[in-house]
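Subject: Structure handover

Hello,

Here is the structure we talked about. Please have a look at it first, then read my notes below.

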Amino acid sequence: MTDSKNTKTPRDTHYAKLRRQFRDKKAGVDPNDPKTFRPRPHQDAGRVPEGRIYLYGLHTVRAALDNEQRNIHTMYATDNALIRLDVESPSDLAFPVEIVTPKVLDAKVGSDAVHQGVVLEADPLAPKHLNDLERSDLILVLDQVTDPHNVGAIMRSAVALNAGALITTSRHSPQESGTLAKSASGALEMIPHIEVRNLANALGELNKMGFQTVGLDSEGPNILEESLQGKKLAIVLGAEGKGLRQKTRETVSTLARLDMPGAIKSLNVSNAAALALYVARTKLK
């Protein structure tokens, strides 16, 4: 948990400035020379026109280009990034391509973002719905998991293990963003993402659709492998620390735990999701 209060003093700021100046001098960077100086993120970095998002990184952008459901407005890229993306003729693309320097991309997404020389300005994907799950036999449900890095990693595991969808709550869950997409490394384009307002109601609908909804809990009464009985499985995971909410625990068909023989009995939620999906996919086979 992070402290939202700003505890920095003027003294801290002064010494931080001195450290930056030392690093710049050591790297041969002159703040007065535009050829060597790269400005640090400013308050506008990462802002995007309303209703759109920035997608960045080679894997993320390649997956977006291959996704017919992704509406792209503009690509900003370096010459090298276009080569690495195998884009031989930018004029053949259905949207404009602007050849830019890395400094321009830093200004769009922040210099801390690993954009690898390419940024897409695009619309978020169209929302999916529970009734799109008729043919799925394995889905993943997240109960207020808020960290976009974790959710992105979970998406990668879900795609790797052929899950049919990822369900999250509308509140207390990350919205589609460049950070989420980069963490998913292309998986965002490959798995339906369904947002629901009331998770308990959604779990009830999944039960009616024939899914065994299995809540993962480190203190669950049953071992996961021994609890999976349905032909359609929905694995439900809660946020790190607080885990599943009480209403969710009361709504799922089964509460189960991963059998952890070591001294540590709980895992990062993205690791737990990968293991649970593997167990569930093996059971369905």
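S2 and S4 pair in the antiparallel sense, over 5 bridges. Two strands count as paired if DSSP finds at least two bridges between them. Strands (E, at least two residues) and helices (H or I, at least four) are DSSP runs, numbered from the N terminus. Ala77 stands opposite Val118 in S4. Thr74 stands opposite Glu121 in S4.

Before going further, some ground rules. This is a predicted model: local features need pLDDT of at least 70, side-chain atom pairs count only at pLDDT 80 or more, and totals for chains, interfaces and linings use all residues. Residues are numbered from 1 along each chain as its sequence is written, and side-chain values use heavy atoms, with hydrogens and water left out.

**The 4-stranded sheet**

The sheet is open, its order is S1-S4-S2-S3, and its pairing is mixed. Strand S1 (53-56) and strand S3 (97-99) are the edge strands, and each pairs on one side only. On average, neighbouring strands of this sheet are turned by 20° against each other, direction ignored. Axes here are lines fitted to C-alpha atoms, for helices over the stretch in contact, and angles run from 0 to 180 degrees between N-to-C directions.

Which way do S1 and S4 run? They run antiparallel, joined by 4 bridges. Tyr54 has Glu121 in S4 as its bridge partner.

Strand S2 (residues 72-77) pairs with S3 in the parallel sense, over 3 bridges. In S3, Ile99 is the bridge partner of Ala77, and Val97 is that of Met75. From S2 the chain crosses through helix H3 (residues 79-84) to S3, and this β-α-β crossover is right-handed. Right-handed means that, with the strands pointing away from the viewer, the path from the first strand over the helix to the second runs clockwise.

**What is buried there**

Buried means under 20% relative accessible area, exposed over 50%, and partly exposed in between (1.4 Å probe, protein chains only). In S2, 5 of the 6 residues are buried, so this strand is largely enclosed by the rest of the structure. S4 is also largely enclosed, because 5 of its 5 residues are buried. In a regular strand the side chains alternate between the two faces of the sheet. Both faces of S4 are covered: Val118, Leu120 and Ala122 are buried on one side, Val119 and Glu121 on the other.

Helix H2 has buried residues too: Leu58, Thr60, Val61, Ala63 and Ala64. The buried residues of H2 pack against S1, S2, H3, S4 and helix H6 (178-184). Contact means heavy atoms within 4.5 Å.

**The 7-stranded sheet**

What is the strand order of the open sheet of 7 strands? The order is S7-S6-S5-S10-S8-S11-S9, with parallel pairing. The edge strands are strand S7 (193-196) and strand S9 (222-223), and each pairs on one side only. Strand S8 (residues 212-216) runs parallel to S10, and 4 bridges join them. Thr213 has Ala234 in S10 as its bridge partner. Helix H7 (residues 199-208) packs on this sheet. H7 touches strand S5 (138-143), strand S6 (166-169), S7, S8 and S10, and its direction makes about 165° with that of S5. H10 lies across S5, S8 and S10, running at about 165° to S10.

**The largest pocket**

About 450 Å³ of space lies in the largest pocket. A pocket is found on a 1 Å grid over the protein atoms alone: it is an open set of points where a 1.4 Å probe fits, with protein on both sides within 12 Å along at least five of seven lines, and lining residues have an atom within 4 Å of a point. The lining has 21 residues, of which Leu216, Asp217, Ser218, Ser266 and Leu267 lie nearest the centre. Strand S10 (233-238) and helix H10 (269-284) each supply at least two residues of this lining.

**Whole protein**

The protein has 10 helices and 11 strands. Of its 285 residues, 44% count as buried. Of the contacts with a separation of 6 or more, 77% are between residues 24 or more positions apart.

Best wishes

How values were computed:
Points joined across faces, edges and corners; volume = space filled by probe spheres on them.
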